[in-house]
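Colleague: I am new to this structure and would like to go through it with you. Could you show it first?

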Amino acid sequence: MRLPSGPGKRGVFSKSSAVYGTEEFALKAIATPYNRRLHQFAVFTACVTLLLIVAGALVTSNDAGLSVPDWPTTFGSIYKMPHMVGGVKFEHGHRMVAEFVGLLTIALAFWTWRAEHRRWLRILAVAAVGTVIVQGVLGGLTVLFYLPATVSSAHAAVAQTFFCIAVCIAMFTGRQWVEETPQVEIDTRRPSLFTLTLLSIFVLYVQLILGAMFRHKGMSWWPHVVHAAVVAIVLTWTSIRALSVYSRIEAVKKPAILLLSLLVTQLCLGFAAFLTRVAWGKDSLQPELPMVISTVAHVAVGALLLATTVVLSIQVWRHVPVAFEERAPGRERTPQAA
C-alpha cells in the first residue's frame with residue numbers, strides 16, 4: 001500500500017498512510033483468529049518435510065537410488081513391505097516418509113481450506129499439494145529413467161521448494177503473524193534490503209542445482225565450490241545489512257541472525273563434505289560413514305538456509321517497505337490508497 005505523491009515529492013509511506021496501515025493490520029488480526037492446532041499441524045508438517053529431505057540425502061549419499069528398481073510399485077507390489085536391508089532400507093524408507101508427507105500435505109490443505117478466511121493462504125496450501133505431487137512424479141522418473149542427472153537435480157530443487165512452502169504456511173498460521181501489528185521502517189537504500197533477499201534466494205537456488213548436479217554425477221565439483229563464494233558474499237551482505245540497519249525489528253533481526261549462523265555452519269559442512277567425498281574418498285568403492293554424515297548434514301542445513309532466507313524476505317517485505325520516487329507529469333495528484 002502507498003500514497004502517490006505530488007510533483008517533485010518523494011512517494012513513500014507517509015505518516016497518515018502508516019497509521020492507516022496499522023489500523024488495517026489490526027482489523028485483519030481481528031478477522032483472522034489464531035488457530036493453535038492448525039499452526040501446530042503446519043509446524044509438524046514442515047518438520048517431517050525436513051526429515052524427508054534428510055531421507056532423500058541418505059539415498060543419494062549411500063548410492064542407493066536404484067536399490068528399488070521399479071516405481072510406483074516396490075519389487076512389483078504396492079502394499080508388501082520389502083526386506084529392509086542394504087540400500088533398500090534407504091530407498092524404501094525414503095518412499096515411506098514421502099508418502100507420509102503427501103498425506104500430511106493433503107490434510108493440511110483440507111484443514112486450511114476449511115478453517116482459514118485468508119484466500120491467499122488457502123491457495124498456498126493447495127499449491128503445496130501440487131508441489132508435493134510434482135515432487136513424487138520427479139522421484140518416480142529418476143527411477144524409471146535410471147537416475148538422469150537433470151531429473152534428479154529437479155527432484156532435489158522441488159523438494160526444497162516444497163519445504164520452503166511448508167515453512168511459510170507454518171509462519172503464516174503462527175500467532176505472531178496473525179496477531180502482531182507490524183513495525184514498519186522505510187528502506188531508502190539502494191539496493192534495498194528486499195532486493196538483497198531476493199538475490200540471496202536466487203544464488204541459493206543456483207547453488208542448490210549445482211550441488212545436486214554434482215551429487216548426481218551431472219557435472220564436476222568446481223562450479224559448486226566456486227559459486228559457494230558468491231553465496232557467502234551475497235548472504236553476508238544481506239544479513240549484515242538487516243542486522244546493522246533494522247535490528248530494532250525483531251521479525252527481521254531473528255531470521256537475519258539465523259541466516260548468518262546457518263551460513264557459517266553450511267560453509268564448514270561443505271568443506272567437510274569436500275574433504276571426505278572429493279579429496280579423501282574419491283577412490284572409495286562405497287560411501288564411507290564420514291562422507292555420508294557430512295553430505296547429509298550439508299543438504300539438511302542447506303534446506304534450512306534456503307527456508308530462512310525465504311522467511312527473511314517475507315518479513316522484510318512486510319516490515320521494511322521500499323521507498324520510491326514518483327513524479328506526476330503536469331499536475332498535482334490527490335492521494336489515493338493503492
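Colleague: Which residues form a nonpolar patch on the surface?

Modeller: Trp71, Ile133, Val137, Leu144 and Phe145 form that patch, and together they have about 480 Å² of accessible area. A patch is made of residues with over 30% relative accessible area and no salt bridge; nonpolar side chains (Val, Leu, Ile, Met, Phe, Trp, Tyr) are joined within 5 Å, and like charges within 9 Å. A salt bridge is a side-chain nitrogen of Lys or Arg within 4 Å of a carboxyl oxygen of Asp or Glu. Accessible areas come from the Shrake-Rupley method with a 1.4 Å probe, and for residues only the protein chains shown count as cover.

Colleague: What kind of model is this?

Modeller: This is a predicted model, in which local features need pLDDT of at least 70 and side-chain atom pairs count only at pLDDT 80 or more, while totals for chains, interfaces and linings use all residues. Residues are numbered from 1 along each chain as its sequence is written, and side-chain values use heavy atoms, with hydrogens and water left out.

Colleague: How many helices and strands does the protein chain have?

Modeller: There are ten helices and zero strands in the protein chain. Helices (H or I, at least four residues) and strands (E, at least two) are DSSP runs, numbered from the N terminus.

Colleague: And the chain as a whole: what share is buried?

Modeller: Of its 338 residues, 48% count as buried. The accessible surface of the protein chain comes to about 17,600 Å², and 68% of that belongs to carbon and sulfur atoms. Among contacts with a separation of 6 or more, residues 24 or more positions apart account for 78%. Contact means heavy atoms within 4.5 Å.

Colleague: Let us turn to aromatic rings. How many aromatic pairs does the structure hold?

Modeller: The structure holds five aromatic pairs. One of them is Phe41 with Trp111, a tilted pair with 5.6 Å centre to centre and 45 degrees between the planes. Rings of Phe, Tyr and Trp (its six-membered ring) pair if their centres lie within 6.5 Å; planes under 30 degrees apart count as stacked, over 60 as edge-to-face and the rest as tilted.

Colleague: Why does the pair of Phe41 and Trp111 tie together parts that are apart in sequence?

Modeller: Phe41 lies in helix 2 (residues 36-61) and Trp111 in helix 3 (residues 88-115), so the pair ties together parts that are 70 residues apart in sequence. Trp111 is partly exposed, with a relative accessible area of 29%.

Colleague: Which other pair is there, one that is edge-to-face?

Modeller: Phe44 and Phe100 form an edge-to-face pair, at 6.3 Å centre to centre and 75 degrees between the planes. Phe44 is in helix 2 and Phe100 in helix 3, 56 residues apart, and the pair links distant parts of the chain. Phe44 is partly exposed at 41% relative accessibility, and Phe100 is partly exposed at 39%.

Colleague: Which residues do ring pairs link into a cluster?

Modeller: Trp120, Phe172 and Trp177 are linked in that way.

Colleague: Now charges. How many salt bridges does the structure hold?

Modeller: It holds five salt bridges. One of them joins Arg95 and Glu91, whose closest N and O atoms are 3.1 Å apart. Arg95 and Glu91 are four residues apart in helix 3, which means they are separated by about one helical turn. Both Arg95 and Glu91 are buried.

Colleague: Where do the partners lie in the salt bridge of Arg248 and Glu185?

Modeller: In that salt bridge the closest N and O atoms are 3.1 Å apart. Arg248 lies in the loop between helix 8 (222-245) and helix 9 (250-279), and Glu185 in the loop between helix 6 (175-179) and helix 7 (193-215), so the pair ties together parts that are 63 residues apart in sequence. Arg248 is exposed at 54% relative accessibility, whereas Glu185 is buried at 17%.

Technical notes
Buried < 20%, exposed > 50% of the residue type's maximum accessible area, 1.4 Å probe, protein only.
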